[in-house]
Amino acid sequence: PLASARHGRGSRGLRHILDHMRPIGEIAVARRGCLSSRRSHRPRASCACPSRPGCVEPRFWRPRTGHTEAALPRTGMRAGMFAEMARRRVAPFVALCLAAATATSADLALAEASAGSYALVADAGSTGTRVYLFHPPAGGKVDIQDMGKGPALSSFQAAPENAHQAVAPQLEKAKGLIPEGVRGAVPVSVFATAGMRLVSPSAQDAIYQGLTKGLLAAAGGFAFDAARLQARTISGREEGIFALVAANYLAKNLHTSLTAATGSFMGVLDLGGSSTQIAVPPTLASGESLSAKLGEEHTFVRSFLNLGMERMRQRTFQRFVDRASATARSRRAAPNPCSFYGYSEAEEAWRGTGEASACEAAVVAVLEDERRTCASDAAKTAASECLSASPVAVPAGGKGEPRFFLISGYMYVTDFAGWLLKQPGVLPEGFQGQERPFERPTIQELREAAEVLCAEPWASLNALASDPARKHKFTGAKKVPHRCFELNYIVALLSVGYGLPAEERLFHIVDDIDGGEIEWTLGAFLHGLNSAVARQEL
């Protein structure tokens, strides 16, 4: 009924219930203006009980004359019987309906979710578009199902009319998992990140138009809620906020309503191929709402479009070539300390030497160049897109407790280093019994691991990483050659880019939390449930 009332559908909706109650009387509430008019049951978000914020209580019944109960003339038994009947038989039910009618859209969304709603959210990244189906069971944990991956939206620049192909197969799969009775009310959100931020605005518009038109024109019609189909590029700040929400929800620091379950919150560091984000949560007491503190003044979030691992690798490797002698370049032998000794690529002018300290120094130099160049760009400085010269704030917590979840690229790279260090003969026996040696590392420990990793000759490392029985589960053949650079980049970014102390154990590097993968799409879903406006300012 709440869902029907919200969308104006269904004979059993809240509007229908209230219409049937009009012959008895109309509702007066504690605060004037809670309903937008006598003929409308649309709630206003500002309604609240004077004594209990966030709720509206019925105050009196009143007949259509407009008099309050206190002012009713005592005209005999009939009037008294009517008032008594209203109080005893109907008022409790009306109180429930009134609370629903005067709830904000966020409250209605949560009630709808607890009744078994679904939502589809697509992560349109730089390498592909993955769709997730979310379903919050009543009183339980949000259920998340991966519907599969399609092409990157940015790959449709030459044929934007085909952009719907990035998500259509996944949506068709989801269709079979959602009950037919609620399918038409399911919202579909396609949110693009760094890959589309690098595409021109006009090309983005063409791709989004092609995507929505293609989905709505599909044979058999669009199975979901066409009015709530949206496709857009989200900001780096939104992406960081969504990751922060998702991680702390999975860690049981947040309820589904985004109220604090504990007084302890973790920051999130995310590292991708094109961009990287850092999110530092506000200070919250248990029971306090996070939604009210997601603005700039409370929650520190920065997204750096040019500081993803792949973009930084290309810039750093080009630096080695530019600084090499003409002879070294002509012989394709420019020394590259960020690549393994003995490794080279046919079309590149460098050759790997595997020296971690020299690699870190080179990465630091590129970061400092980026900081200076960005600071000279007034637009980027005003948009807070530059690395600060000051250390980032560290979330509150006890001594020795981790303060940040490190996810995505941080996890893949450090887990690879831990995998190598556990191999027989690589390090003393101290690492042999640890399943994940770098689950909670210091920056200095990662720096020491980089020394060992980068010193491994390419021939022996490649043989190990290519062995089906021993290869690293998160690293494909094309990524193995990059791991020396990537680990040094993580060290430089954390220590120099963010100014975090090298000896403190601030990080918890995770693949999942309590069995749930940390996907920012989960945060987008939860934020949507709790936002009175779907695109509230973050």
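Cysteine 338 and cysteine 359 are joined by a disulfide, with an S to S distance of 2.0 Å; a disulfide is here a pair of cysteine sulfur atoms within 2.5 Å. The structure is a predicted model, in which local features need pLDDT of at least 70, side-chain atom pairs count only at pLDDT 80 or more, and totals for chains, interfaces and linings use all residues. Residues are numbered from 1 along each chain as its sequence is written, and side-chain values use heavy atoms, with hydrogens and water left out.

The torsion about the S-S bond of cysteine 338 and cysteine 359 is about 105 degrees, so this disulfide is right-handed. The pair links distant parts of the chain, 21 residues apart: cysteine 338 sits in the loop between β13 (334-336) and β14 (350-352), and cysteine 359 belongs to helix α12. Helices (H or I, at least four residues) and strands (E, at least two) are DSSP runs, numbered from the N terminus. Cysteine 338 counts as buried because its relative accessibility is 0%, and cysteine 359 is likewise buried at 0%. Buried means under 20% relative accessible area, exposed over 50%, and partly exposed in between, with a 1.4 Å probe and protein chains only.

A search of the whole structure finds 3 disulfides. One of them joins cysteine 374 to cysteine 386, S to S 1.9 Å. With a torsion of about -80 degrees about the S-S bond, the disulfide of cysteine 374 and cysteine 386 is left-handed. Cysteine 374 lies in helix α12 and cysteine 386 in the loop between α13 (378-382) and β15, so the pair ties together parts that are 12 residues apart in sequence. Both cysteine 374 and cysteine 386 are buried.

Another disulfide is formed by cysteine 454 and cysteine 484, whose sulfur atoms are 2.1 Å apart. Here the torsion about the S-S bond is about 110 degrees, so the disulfide is right-handed. This pair, too, links distant parts of the chain, with cysteine 454 in helix α15 (residues 443-455) and cysteine 484 in helix α17 (residues 483-497), 30 residues apart. Cysteine 454 counts as buried at 0% relative accessibility, and cysteine 484 is buried with a relative accessible area of 0%.

Helix α12 also takes part in a helix pair. Two packed helices are described by the angle between their axes and the distance between the axes. Helix α10 (residues 309-323) packs against helix α12 (residues 356-375) at an angle of about 110 degrees, and their axes are 10 Å apart. Axes are lines fitted to C-alpha atoms, for helices over the stretch in contact, and angles run from 0 to 180 degrees between N-to-C directions. The two helices, α10 and α12, are therefore roughly perpendicular to each other; angles under 35 degrees count as roughly parallel, over 145 as roughly antiparallel, 65 to 115 as roughly perpendicular and the rest as oblique. On the α10 side the contact is made by Met312, Arg315, Thr316, Arg319 and Phe320, and on the α12 side by Ala362, Val363, Ala365, Val366, Leu367, Asp369 and Glu370. Contact means heavy atoms within 4.5 Å. By class, the contact of α10 with α12 has 7 nonpolar, 1 polar and 4 charged residues, where Ala, Val, Leu, Ile, Met, Phe, Trp, Tyr, Cys and Pro count as nonpolar, Asp, Glu, Lys and Arg as charged, and the others, Gly among them, as polar.

Turning to the strands, β10 (residues 267-271) has 5 of its 5 residues buried, so this strand is largely enclosed by the rest of the structure. Gly267, Leu269 and Leu271 are buried on one side of β10, as are Val268 and Asp270 on the other. Strand β10 runs parallel to β15 (residues 404-408), joined by 5 bridges; two strands pair if DSSP finds at least two bridges between them. Leucine 271 has serine 408 as its bridge partner in β15. Strand β11 (residues 276-280) runs antiparallel to β10 and is joined to it by 4 bridges, with valine 268 opposite alanine 279 in β11. The two strands β10 and β11 form a hairpin with 4 residues between them.
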